[in-house]
Amino acid sequence: MVGALFSVGNGYYESRMWFPSRAFDNTMYTVLSNHVGSTGGWATCGSSAVWDPTGRLVTEAGPDGRQLLVADLDPDCLRRARIAHSMLDDLRDPALEPRERITLSPIPSRG
């Protein structure tokens, strides 16, 4: 879930590339809550949205005016996506239980 400020111009295009891609890369729902109108000197593109774990658009707001989006985040869709697209299997329990926290050791310096 990201609260963002994508602006008029390339903002809409960028958000429509990045968010579905991250949803698919991580096989998870992604949610964009974007500003509408002008704020802080920026003209924003609005269009908050939700994508499913395969990168498909679930729902989208318009480019201006406040809107409340409601989306069903279906756990079966999540399960099916994770079975079909197994790029994260090495990080995930096959039963889709929450994974344990992974602690990475620092890389030793060369020199």
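**Close-up 1. F6, a buried ring in a predicted model.** F6 is buried, with a relative accessible area of 10% (buried means under 20%, exposed over 50%, partly exposed in between; 1.4 Å probe, protein chains only). This is a predicted model: local features need pLDDT of at least 70, side-chain atom pairs count only at pLDDT 80 or more, and totals for chains, interfaces and linings use all residues. Numbering starts from 1 along each chain as its sequence is written, and side-chain values use heavy atoms, without hydrogens or water.

**Close-up 2. Aromatic pairs around F19.** Rings of Phe, Tyr and Trp (its six-membered ring) pair if their centres lie within 6.5 Å; planes under 30 degrees apart are stacked, over 60 edge-to-face, and the rest tilted. The count is 3 aromatic pairs. F6 and F19 pair edge-to-face, at 6.0 Å centre to centre and 75° between the planes. F6 sits in the loop between β1 (2–4) and α1 (11–26), F19 in helix α1, 13 residues apart. Helices (H or I, at least four residues) and strands (E, at least two) are DSSP runs, numbered from the N terminus. F19 is buried too, with a relative accessible area of 8%. F19 and W51 are stacked: 5.5 Å centre to centre, 20° between the planes. F19 belongs to helix α1 and W51 to strand β5 (residues 49–51), so their pair ties together parts 32 residues apart in sequence. Ring pairs link F6, W18, F19 and W51 into a cluster.

**Close-up 3. The largest nonpolar core.** A nonpolar core is a set of buried Ala, Val, Leu, Ile, Met, Phe, Trp, Tyr and Cys residues joined through side-chain atoms within 4.5 Å. The largest one has 8 residues: A4, F6, F19, A23, L32, C45, A49 and W51. α1 and β5 are the elements that give two or more residues to this core. Beyond its neighbours within four places in sequence, A23 is in contact (heavy atoms within 4.5 Å) with M28, T30, W51, D52, P53 and G55.

**Close-up 4. Helix α1 and its buried face.** α1 has 16 residues and reaches 22 Å from first C-alpha to last, close to the 22 Å expected at 1.5 Å a residue (1.5 Å times one less than the number of residues). G11, S15, R16, F19, P20 and A23 are its buried residues. Seen down the axis of α1, they fall within an arc of 130°, so they line one face of the helix (the arc is that of the directions from the helix axis to the C-beta atoms). Their cover includes β1, β2 (30–34), β5 and β6 (57–60). T27 follows α1, with a positive phi near 40°.
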